[in-house]
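This report goes through one protein model, part by part. Please look at the sequence and the structure before reading on.

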Amino acid sequence: MLIIGIAGGTGSGKTTVVREIVNSLPEGEVVVLPQDSYYKDNSHLPLEHRLNLNFDHPDAFEWSLISKHISMLRRGESIEQPLYSYHTCTRLPETIHIEPKQVIIIEGILALCDPELRDMMDLKLFVDTDSDERLIRVIRRDVIERGRTAEAVMSRYTSILKPMHQQFIEPCKRYADLIIPEGGGNRKAIEILTMYIKEHL
């Protein structure tokens with residue numbers, strides 16, 4: 001089993017890199033655990049308070065549950081992955097049943113932030129993309145997929161995303177075994193990465 005962590009700023013292209021990896025390997029050999037699924041459940045808070053939470057801070061995640069699930073998968077046990085709603089900022093009652101696979105990918109902005117989780121990884125990647133390009137992608141995604149206005153997205157980017165990126169996400173680069181510039185558009189890096197994975201399976 002190969003456990004891979006993929007971190008990088010919001011809108012950096014992490015999901016595209018993951019998709020390319022999954023598509024390059026035999027069907028059924030990869031399972032992806034999105035770090036976003038492990039946001040703490042904030043259902044005890046009023047909605048207006050939940051909408052203003054800082055989801056780019058390490059404290060927003062339930063690290064102990066991610067580590068527990070990775071340990072279970074490594075032992076050959078199945079897990080029930082949580083589901084998180086961006087609209088209500090709470091966990092959904094449903095879960096996703098996950099069976100152990102040859103490759104486990106943990107993907108998220110702060111996937112390399114927690115020391116215990118990092119120590120479980122066999123390969124650590126950081127997807128690095130220009131901040132202006134990331135902002136454009138974030139606006140496009142949040143307006144279309146999450147129903148936010150462009151003004152709200154830009155305000156959040158300036159007040160939360162950018163400072164959190166500089167304080168917590170960018171420093172994670174130093175833990176990466178491989179840095180992928182320009183995310184999913186970097187064909188050479190993805191080819192090298194998939195070759196490495198295939199050799200170690």
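## Helix 6

In helix 6, the buried residues are Val 153, Tyr 157, Ile 160, Leu 161, Met 164, His 165, Phe 168 and Ile 169. Buried means under 20% relative accessible area, exposed over 50%, and partly exposed in between (1.4 Å probe, protein chains only). Helices (H or I, at least four residues) and strands (E, at least two) are DSSP runs, numbered from the N terminus. The model is predicted: local features need pLDDT of at least 70 and side-chain atom pairs count only at pLDDT 80 or more, while totals for chains, interfaces and linings use all residues. Residues are numbered from 1 along each chain as its sequence is written, and side-chain values use heavy atoms, with hydrogens and water left out.

Helix 6 covers residues 150-169 and spans only 23 Å between its end C-alpha atoms, whereas a straight helix of 20 residues would span 28 Å at 1.5 Å a residue. The expected span is 1.5 Å times one less than the number of residues. A kink of about 50° is centred on Tyr 157 in helix 6. The bend at a residue is the angle between axes fitted to the seven residues ending there and the seven starting there.

His 165 is also in helix 6. Its relative accessible area is 10%, so His 165 is buried. Leaving aside neighbours within four places in sequence, His 165 is in contact (heavy atoms within 4.5 Å) with Gly 9, Arg 134, Glu 170 and Pro 171.

## Nonpolar cores

A nonpolar core is a set of buried Ala, Val, Leu, Ile, Met, Phe, Trp, Tyr and Cys residues joined through side-chain atoms within 4.5 Å. The largest one has 39 residues, and those with the most contacts inside it are Leu 33, Ile 70, Ile 79, Ile 104, Ile 106, Leu 110 and Leu 117. At least two residues of this core come from each of strand 1 (2-8), strand 2, helix 3, strand 3, strand 5 (103-107) and helix 6. Helix 6 gives the most, with seven residues.

Not counting residues up to four places away in sequence, Leu 117 touches Trp 63, Ile 66, Ser 67, Ile 70, Ile 106 and Ala 111. Another core, of 17 residues, lies apart from the largest one; Ile 6, Leu 25, Leu 123 and Leu 125 are among its residues.

## Aromatic rings

How many aromatic pairs does the structure hold? There are five. Rings of Phe, Tyr and Trp (its six-membered ring) pair if their centres lie within 6.5 Å; planes under 30 degrees apart count as stacked, over 60 as edge-to-face and the rest as tilted. The rings of Tyr 39 and Phe 61 are stacked because their centres are 4.5 Å apart and their planes are at 20°. Tyr 39 lies in the loop between strand 2 (30-34) and helix 2 (47-50), and Phe 61 in the loop between helix 2 and helix 3 (63-74), so the pair ties together parts that are 22 residues apart in sequence. Tyr 39 counts as buried at 5% relative accessibility, and Phe 61 is buried at 2%.

Phe 55 and Tyr 84 form an edge-to-face pair, because their ring centres are 6.3 Å apart and their planes are at 65°. Both residues are buried. Tyr 39, Phe 55, Phe 61, Trp 63 and Tyr 84 form one aromatic cluster.
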